[in-house]
Amino acid sequence: MIPYGKQNITKEDIQAVAKALKSDFLTQGPTILEFEIAFSTYIGCKYSVAVSNGTAALHLSTLALGVQEGDKVITTPITFAASANCIRYCGGEVVFADIDSDTYLLDINKVETLLKASPKGTYKGIVPVDFAGRAVNLEAFRKLADEYGLWILEDSCHSPGGFFIDSKGIKQNCGNGNYANLAIFSFHPVKHIATGEGGMITTNDENIYKKLLELRTHGITRDVASFKNSVEFAVGQQVEKEANYPGWYMEMQHLGYNYRFTDFQAALGISQLSRANVGIERRKEIARKYDESFSNHAFIKGQSTFIEGHAYHLYVIEVDDRVGLYNYLRENKIFAQIHYIPCHLMPYYRELGSKVGDYPVAEEYYKNCISLPMYPTLSEEEQTYVINTIINYYQNAN
Ligand SMILES: Cc1ncc(COP(=O)(O)O)c(C=O)c1O
């Protein structure tokens with residue numbers, strides 16, 4: 001069986017996890033901070049906060065950004081539902097904008113049209129998604145966001161290791177926080193870095209970072225300077241004027257969650273991260289081979305364009321008779337996947353008012369798209385077999 005994505009667990013990964021399991025901490029230990037620091041270095045941001053999964057990362061981000069009941073936030077319909085759902089978790093209103101048919105990313109022109117059509121202040125933020133691993137040009141989005149006073153939350157689940165080149169010629173890594181206020185990642189097994197479940201939030205904003213740390217653990221703080229209750233209350237008896245807060249004392253100052261990560265997952269994350277660049281290079285090789293193999297075939301209506309900063313979480317092609325190809329591949333033990341069913345047409349979002357025809361580019365893309373196997377351990381032979389099976393379907397089998 002050849003899946004569309006797959007984790008790569010090595011002997012070193014297993015040793016790292018075993019070492020963490022034998023240590024004093026299963027959770028809330030030092031390995032989490034070690035992973036966060038390593039991740040910040042890899043991405044090129046100031047702060048990273050590890051959490052239990054990518055969805056938790058999105059939820060905490062929208063909370064930290066202060067999304068409230070009725071706040072309108074813009075995102076793409078071609079994404080995993082969590083990119084939109086995080087706005088709903090805080091009672092906000094999801095406003096989709098269509099995708100660009102070439103890049104498959106949120107179309108900045110459609111976003112601008114939306115913003116122009118309403119008084120300033122109507123929208124609070126944008127959640128662009130580096131779909132399939134292709135970096136959104138956040139410099140352009142930042143300019144627009146600044147004009148309208150919006151925050152940007154980059155969903156980088158598909159793009160650790162991806163980048164775009166800004167107008168000054170500087171390489172901007174996905175999630176580095178130079179243009180977005182926050183970014184989030186997932187460490188689900190099909191992603192570049194796998195920890196089972198897992199997620200990360202990155203930012204350069206110290207206040208947001210501190211807020212995220214509290215929200216991750218029930219809204220609890222141990223920062224003496226911010227305590228609100230008196231020392232006397234904390235101690236539980238009358239105290240001298242200069243008395244300190246006792247060692248056990250902490251305060252729950254906000255409504256927070258338990259979205260913590262564990263130390264053995266962090267150990268796996270550190271080990272996986274050390275091979276991340278090798279993984280991206282292999283993904284690029286696979287993409288180049290697909291590109292070349294399909295470039296002269298009329299059955300291909302569109303395909304992931306090779307650009308340098310693409311992190312190739314997915315390799316998407318658009319074809320006619322997509323369902324026929326999907327079933328034929330399955331008969332031949334190749335488990336391709338569809339990314340994504342347009343989010344606005346999920347029954348939940350239809351109930352909130354979305355309907356067929358709202359985002360025609362996304363809807364047309366959905367009719368044709370299929371994601372082919374893409375993961376570093378996909379062998380040359382397996383990829384050749386995938387390519388030949390696809391060509392065979394269109395030239396001979398149907
Ligand atoms: C674009 C995108 N956003 C968010 C998520 C949510 O991540 P997780 O599955 O770790 O909660 C995913 C994961 O599938 C994703 O692909």
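## Strands and the position of Ala183

Strands here are DSSP runs of E with at least two residues, and they are numbered from the N terminus. The model is a predicted one. On that numbering, Ala183 belongs to strand β9, which covers residues 182-186. Ala183 counts as buried because its relative accessibility is 1%, and the cut-off for buried is under 20%.

Tyr249 is 66 residues from Ala183 in sequence, and their C-alpha atoms are 32 Å apart.

## Ser48 in strand β2

Ser48 is part of strand β2, residues 47-51. With a relative accessible area of 3%, Ser48 is buried. The side chain of Ser48 makes a polar contact of 2.8 Å with the side chain of Ser40.

Residues up to four places away in sequence aside, Ser48 touches Glu36, Phe39, Ser40, Met200, Ile201, Thr202 and Tyr209.

## The ligand site

The ligand is surrounded by 15 residues, and the closest are Gly54, Thr55, Asp155, His158 and Ser186. Helix α3 (residues 54-64) gives the most to this shell, with three residues. By type, the shell divides into five nonpolar, eight polar and two charged residues.

Several side chains place polar atoms by the ligand. An N or O atom in the side chain of Asp155 is 2.7 Å from a nitrogen atom of the ligand. For Ser186, a side-chain N or O atom is 2.7 Å from an oxygen atom of the ligand. Lys191 has a polar side-chain atom 3.0 Å from a ligand oxygen atom. The ligand taken alone exposes 390 Å², of which the protein buries 91%.

## Nonpolar cores

The largest nonpolar core has 97 residues. Those with the most contacts inside this core are Val111, Phe131, Ile201, Tyr290, Phe294 and Ile390. Helix α14 (residues 380-397) supplies the largest share of the core, six residues. A second, separate core of 18 residues includes Phe35, Tyr42, Phe185 and Ala266.

Apart from neighbours within four places in sequence, Ile390 is in contact with Phe294, Phe299, Leu325, Leu329 and Leu372.

## Helix α6

Helix α6 spans residues 138-148, and its buried residues are Leu138, Glu139, Phe141, Arg142, Leu144, Ala145 and Tyr148. An α-helix has 3.6 residues a turn, so residues three or four places apart point the same way. The cover over the buried residues of α6 includes α5 (108-116), β5 (123-127), β6 (151-155) and β7 (163-165).

Both ends of the helix have a feature to note. At the N-terminal end, Asn137 caps α6 through a side-chain oxygen 3.0 Å from the backbone nitrogen of Glu139.

## Asp321 in a loop

Is Asp321 buried, exposed or partly exposed? Asp321 counts as partly exposed, because its relative accessibility is 37%. Asp321 is found in the loop between β14 (315-319) and α11 (322-331).

A polar atom in the side chain of Asp321 lies 3.1 Å from the backbone nitrogen of Gly324. Asp321 and Phe299 are 22 residues apart in sequence, with a C-alpha to C-alpha distance of 9.4 Å.

Definitions and conventions
Residues numbered from 1 in each chain as written. Predicted model: local features only at pLDDT ≥ 70, side-chain atom pairs only at ≥ 80, totals over all residues. Heavy atoms only, no water. Core = buried A, V, L, I, M, F, W, Y, C linked by side-chain atoms within 4.5 Å. Buried < 20%, exposed > 50% of the residue type's maximum accessible area, 1.4 Å probe, protein only. Helix = DSSP H or I, 4+ residues; strand = E, 2+ residues; numbered from the N terminus. Contact = heavy atoms within 4.5 Å. Near = heavy atom within 4 Å. Polar contact = N/O pair within 3.5 Å; in protein donor to acceptor, adjacent residues only side chain to side chain. Areas by Shrake-Rupley, 256 points an atom, 1.4 Å probe, with all protein chains shown as cover. Nonpolar A, V, L, I, M, F, W, Y, C, P; charged D, E, K, R; others polar.
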